[in-house]
Amino acid sequence: MSTIAVYTFMQEGGKMPAQPHNALKWKAQGFDFICFVTKKADMPDFVGAWYMDELPISWEDRRLNAVIPKINPQSVLEGYDYSLWIDSDVEITDDSFYEQCKEMQRRGVLYADLKSTGVRNVYSYAWSVWRKGLEPFGVVAKACWFLLKKGVSPMDGFHDTSVMLRAHEEEKVLEFDRWWWECLLTHAGSHYDPLMHIFALKDTPGLDWEQLKADGIRKLI
């Protein structure tokens, strides 16, 4: 089986992501660990298990730089068929999570993310984004109006995009990622990728997905 690229992004001046559990063992069993930054400069090639790599592209909008690799793995990863995105505040804490990912890879799962237990739907998520002052009301309202027009129901639930396993070179996954990115920029104008995730996922014909168990990972904040 091909190697899975476990990758994340560290904002300039931000805190280094936690070291993945048992990284040396699992590197030998088919995982690489890559942390992207906008400017590598004099940083070492490795910080613990993480290989430090510079984004091939970057935007003036610093917050969007974190979303570029998250939604577009095909644009930043070379030589990998499978990737595992983890937000910088997510830590792998147990071997069981690697085992789960390898088992999905063996079965040829194209896409998997976490089913959220703390957020009811995309509309309650959008409300929390505005209430916390993370985006202006106009941005959130524009996204919600688009979703309502497209028939996204509160009953459609919410997926946690802080962890995603993808066969990112497969055509259906590429179609989904490109549509997700376009919807985020065009119909949300936001830095909060979950606003358009559930719509893009369900609006990609023929893309089946599964859900990862949260066993063996934790969010640090």
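**Helices, sheet and pocket in a predicted model**

Trainee: Which residues of helix 7 are buried?
Mentor: Pro194, Leu195, Met196, His197, Ile198, Phe199, Ala200 and Leu201 are the buried residues in helix 7. Buried means under 20% relative accessible area, exposed means over 50%, and partly exposed is in between (1.4 Å probe, protein chains only). This is a predicted model, in which local features need pLDDT of at least 70, side-chain atom pairs count only at pLDDT 80 or more, and totals for chains, interfaces and linings use all residues. Residues are numbered from 1 along each chain as its sequence is written, and side-chain values use heavy atoms, with hydrogens and water left out.

Trainee: How many of the residues of helix 7 are buried, then?
Mentor: The count is 8 of 9, and helix 7 is mostly covered. Helices (H or I, at least four residues) and strands (E, at least two) are DSSP runs, numbered from the N terminus.

Trainee: What do those buried residues pack against?
Mentor: The buried residues of helix 7 pack against strand 7, helix 4, helix 5, strand 8 and helix 6. Contact here means heavy atoms within 4.5 Å.

Trainee: And helix 6, what do its buried residues pack against?
Mentor: Their partners are helix 2 (62-71), strand 7 (111-115), helix 5 (137-149), strand 8 (159-166) and helix 7 (194-202). The buried residues of helix 6 are Val173, Leu174, Phe176, Asp177, Trp180, Trp181, Cys183, Leu184 and Ala188.

Trainee: Could you take one of them, say Phe176: buried or exposed?
Mentor: Phe176 counts as buried because its relative accessibility is 0%. Leaving out residues up to four places away in sequence, Phe176 touches Tyr111, His197, Ala200, Leu201, Thr204 and Leu207. Phe176 and Leu207 are 31 residues apart in sequence, and their C-alpha atoms are 8.0 Å apart in space.

Trainee: How far apart are the ends of helix 6?
Mentor: The end C-alpha atoms of helix 6 (residues 171-188) are 25 Å apart, which agrees with the 26 Å that its 18 residues should span at 1.5 Å a residue. The expected span is 1.5 Å times one less than the number of residues. Just after helix 6, Gly189 takes a positive phi of about 60°.

Trainee: Which residues other than glycine have a positive phi?
Mentor: Asn22 is one of them, with a phi of about 55°, and Ala41 is another, with a phi near 50°. Most residues other than glycine have a negative phi. Asn22 is in the loop between strand 1 and helix 1 (23-27), and counts as partly exposed at 35% relative accessibility. Ala41 lies in the loop between strand 2 and strand 3, and is exposed, with a relative accessible area of 70%.

Trainee: New topic: what is the strand order of the open sheet?
Mentor: The open sheet of 8 strands has the order 3-4-2-1-5-8-7-9, with mixed pairing. Its edge strands are strand 3 (46-47) and strand 9, each of which pairs on one side only. Two strands pair if DSSP finds at least two bridges between them.

Trainee: Where does strand 8 pair?
Mentor: Strand 8 is joined to strand 5 (residues 82-86) by 4 bridges and to strand 7 by 5 bridges. Strand 8 runs antiparallel to strand 5 and also to strand 7. Met164 in strand 8 is the bridge partner of Trp85, and Arg166 in strand 8 stands opposite Tyr111. Since 8 of the 8 residues of strand 8 are buried, this strand is largely enclosed by the rest of the structure.

Trainee: Which strands pair in the parallel sense?
Mentor: Strand 2 (residues 31-37) and strand 4 (residues 50-54) do, over 4 bridges. Phe36 has Asp53 in strand 4 as its bridge partner.

Trainee: Lastly, what lines the largest pocket?
Mentor: Its lining has 46 residues, of which Lys70, Asp87, Asp89, Ser162 and Lys219 lie nearest its centre. On a 1 Å grid over the protein atoms alone, a pocket is an open set of points where a 1.4 Å probe fits, with protein on both sides within 12 Å along at least five of seven lines; lining residues have an atom within 4 Å of a point. Strand 1 (4-9), helix 2 and strand 8 are among the elements that each supply at least two residues of this lining.
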